[in-house]
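Please look over the sequence and the 3D structure shown here. The notes that follow are a short briefing to read beside them.

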Amino acid sequence: MATVQGLATTMTTLPETFFSSPSSRSIQFPAVVAGRRHHVAQSQRRITVVGLRSDGGVSFSNQGAGHRGLHLIPTAVASTAEASASSATAKPGHELLLFEALREGLEEEMDRDPLVCVMGEDVGHYGGSYKVTKGLANKFGDLRVLDTPIAENSFTGMGIGAAMTGLRPIVEGMNMGFLLLAFNQISNNCGMLHYTSGGQFTIPIVIRGPGGVGRQLGAEHSQRLESYFQSVPGLQMVACSTSYNAKGLMKAAIRSENPVILFEHVLLYNLKERIPDEEYICCLEEAEMVRPGEHITILTYSRMRYHVMQAAKTLVNKGYDPEVIDIRSLKPFDLYTIGNSVKKTHRVLIVEECMRTGGIGASLRAAIMENFWDYLDTPIECLSSQDVPTPYAGTLEDWTVVQPPQIVAAVEKLCCM
Amino acid sequence: IKNPNGYKQQVPNKPEPPPAPPFPHSSSLLNLQLITREVGLELYEDMALGRSFKDMCAQMYDKGKVFGYVHLYNGQEAVSTGFIKLLKQSDSIVSAYRCHVHALSKGVPARALMSELFGKTTGCCRGQGGSMHMFSKEHNLLGGFAFIGEGIPVATGAAFYSKYRRDVLKEKCDDVALAFFGDGTCNNGQFFECLNMAALWKLPIVFVVQNNLWAMNTSQLRATSDPEIWKKGPAFGMPGIHVDGMDVLKVREVAKEAIGRARRGEGPTLVECEAYLLRGHSVLDPDEPPDRGM
């Protein structure tokens with residue numbers, strides 16, 4: 001481990017060529033340095049900072065307007081699904097919208113296990129406000145797809161009591177925000193009952209529903225409850241973002257013996273994707289590698305994944321190589337995947353739709369700093385929604401949520417530190 | 001104490017007494033069914049166990065062996081015994097923080113309960129729950145809840161499962177669920193929401209109100225617009241009965257009908273048992289409340 005004095009000494013003994021010269025010699029650093037590779041073209045005067053990192057590696061970075069010139073990729077399309085775990089295009093499958101994928105997963109599990117049942121408002125005869133349970137009441141009956149009165153606290157508690165005694169219910173909140181009314185049951189019983197009963201009872205319940213900022217739905221229908229629930233001990237939280245992982249996570253959550261909250265997003269229900277015909281589930285605790293890269297790790301989930309990928313197109317055009325990870329598991333974090341990425345890129349940007357204060361990003365930032373401090377070259381940047389109620393007006397609403405240009409700017413700032 | 005791990009469920013054959021008229025507003029001595037000596041002894045033993053357990057809890061608390069909250073049940077033993085002694089092992093009960101005597105009546109060994117109060121791993125919840133969170137999977141005691149009202153939906157869920165087994169899984173199942181709670185809970189939203197759902201789906205559940213006229217330290221009359229809680233049952237489409245909760249035979253008679261109704265699939269019942277708590281809300285309250293005259 002180098003000390004500060006050692007750093008100074010090392011810097012003075014480095015040859016002159018490592019520092020930029022006024023000449024227009026272009027220097028490339030193709031060498032592999034501590035596992036990373038920089039292709040840097042210098043065509044004009046710039047300050048090169050040489051840093052000696054605590055693990056003994058040497059890093060070079062440019063302060064300036066960023067990498068340019070040599071590294072323009074003509075067909076800059078941020079690669080999405082092909083390289084990632086959702087290798088759906090590898091096999092012939094069928095195309096589904098996200099809500100249909102959820103329904104398919106739900107139906108498969110209800111076919112497989114007669115103890116699986118659904119309860120919620122409008123889920124039965126109406127088929128669900130977002131059509132996730134369409135047709136299921138006709139197939140399975142009114143008791144298995146139960147239309148409840150508008151009493152979230154009580155029907156969530158009813159689901160918990162049923163789960164304790166033997167059923168495997170899926171409780172649907174018509175909007176995640178309504179689950180605020182069920183906070184008593186979710187916190188005290190869903191989360192803690194397994195513990196306070198000394199392990200005697202398990203609560204294999206799935207609580208799911210759409211949340212997030214929609215299109216001008218107003219403040220109360222645009223809430224992000226993942227930040228409120230993340231402190232509740234005993235809960236597991238996952239967020240789906242594609243048809244593939246929606247179906248996989250739904251099935252895994254139903255099969256899990258733990259209480260799982262599955263966060264869906266109002267604006268993602270109509271995403272179309274090709275998913276495999278054969279049965280599959282996604283691991284609840286695993287993050288998804290959306291786009292491997294070298295320069296910076298961008299951690300995101302749910303709808304912000306798409307804003308990040310849109311920003312990634314711009315970034316790739318500009319010569320950056322972001323690694324995009326959809327964390328999927330909001331509690332617990334998949335620190336294995338995230339850690340490996342941090343060790344590779346040394347820069348982290350978190351992009352989330354949660355509120356800035358006390359959000360998922362805040363916890364993730366703390367977790368990464370706690371575990372991977374030595375691998376970080378820059379402070380962790382966290383882009384979150386503003387700490388304001390979501391306005392109704394569309395332009396104002398857009399300003400409260402992270403947009404792709406902000407992501408691009410943040411990456412540029414971090415990569416030039 | 002004989003047979004600490006269970007309780008005698010089967011009542012021996014006795015001659016059929018004349019049927020009592022359904023749901024009198026309060027049962028009178030004339031309508032009581034006779035019980036045998038064995039049943040009488042069983043009920044007495046259960047009530048005496050409950051009383052002595054609670055007295056011992058209070059003693060242990062005063063000696064500094066038990067911490068936190070301890071809520072005594074002295075005076076309401078008839079409600080617990082009257083109802084729970086009619087249940088099978090597979091029936092579920094749910095209570096709130098005043099759950100020790102319910103647990104004893106359901107068959108949880110007194111040793112396991114006292115160990116739990118002492119915070120020992122041999123307690124029924126391994127010392128993790130404490131006084132207010134008594135659970136027993138074996139005896140289908142679903143809690144033990146610290147917040148009032150939050151156990152009622154859990155009991156509704158247990159009743160839902162029973163109905164699900166009957167109607168969806170086509171099993172022979174006549175398990176019922178009993179929810180015990182106080183008069184203060186009857187002003188809470190979860191109470192009304194569950195009355196609605198239970199009556200709507202005809203769930204096999206009995207809602208038992210232990211009305212001691214005091215919600216903690218506020219008189220029920222100062223907190224409730226209509227203090228006659230049994231009247232709230234018919235508002236939701238289920239029978240509401242009022243009974244003297246300090247007379248175990250009267251309670252048992254009403255319980256028999258209510259539980260029978262649930263077992264037959266006729267739906268829920270609301271039973272209000274008026275029974276005074278002789279030692280106040282919890283051990284932290286003085287035995288002689290300072291100003292209980294309103």
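Helices (H or I, at least four residues) and strands (E, at least two) are DSSP runs, numbered from the N terminus. Just after helix α4 of chain A, A:Gly166 takes a positive phi of about 150°. This is a predicted model, in which local features need pLDDT of at least 70, side-chain atom pairs count only at pLDDT 80 or more, and totals for chains, interfaces and linings use all residues. Residues are numbered from 1 along each chain as its sequence is written, chains are lettered from A and ligands numbered from 1 in the order in which they are written, and side-chain values use heavy atoms, leaving out hydrogens and water.

**Helix α4 of chain A**

- The helix covers residues 152–165, which makes 14 residues.
- From first C-alpha to last, α4 of chain A reaches 20 Å, close to the expected 20 Å; the expected span is 1.5 Å times one less than the number of residues.
- Of the 14 residues in this helix, 13 are buried; buried means under 20% relative accessible area, exposed over 50%, and partly exposed in between (1.4 Å probe, protein chains only).
- A:Gly161 is in this helix and counts as buried because its relative accessible area is 0%.
- Leaving out residues up to four places away in sequence, A:Gly161 touches B:Val154, B:Gly157 and B:Ala158, where contact means heavy atoms within 4.5 Å.
- A:Gly161 and A:Ala253 are 92 residues apart in sequence, and their C-alpha atoms are 18 Å apart in space.

**Chain B**

- Chain B holds nine helices and seven strands.
- It has 294 residues, of which 55% count as buried.
- Among its contacts between residues at least 6 apart in sequence, 74% join residues at least 24 apart.
- Chain B exposes about 12500 Å², with 55% supplied by carbon and sulfur atoms; accessible areas come from the Shrake-Rupley method with a 1.4 Å probe, and for residues only the protein chains shown count as cover.
- B:Ser115 is found in helix α4 (residues 110–117) of chain B, and it counts as buried because its relative accessibility is 11%.

**Nonpolar cores**

- A nonpolar core is a set of buried Ala, Val, Leu, Ile, Met, Phe, Trp, Tyr and Cys residues joined through side-chain atoms within 4.5 Å.
- In soluble globular proteins, nonpolar side chains tend to be buried together.
- The largest core has 125 residues, and those touching the most other members are A:Phe229, A:Ile368, B:Phe83, B:Phe160 and B:Phe207.
- Helix α5 (residues 151–167) of chain B gives this core its largest share, eight residues.
- A second, separate core has 35 residues, including A:Leu98 and A:Val206.

**Chain A against chain B**

- In this pairing, 35 residues of chain A are in contact with 34 residues of chain B.
- About 2900 Å² is buried between the chains, and carbon and sulfur atoms give 67% of it; buried area is the accessible area (1.4 Å probe) that two parts lose on being put together, summed over both.
- A:Leu143, A:Met158 and A:Gln200 supply 21% of the area that chain A buries against chain B, more than any other three residues.

**Domains of chain A**

- Chain A is divided into domain 1 (81–91 + 286–415) and domain 2 (95–275), with bounds from an automatic or database domain assignment.
- The C-alpha centres of the two domains lie 25 Å apart.
- Between domain 1 and domain 2 of chain A, about 2600 Å² is buried, 54% of it from carbon and sulfur atoms.
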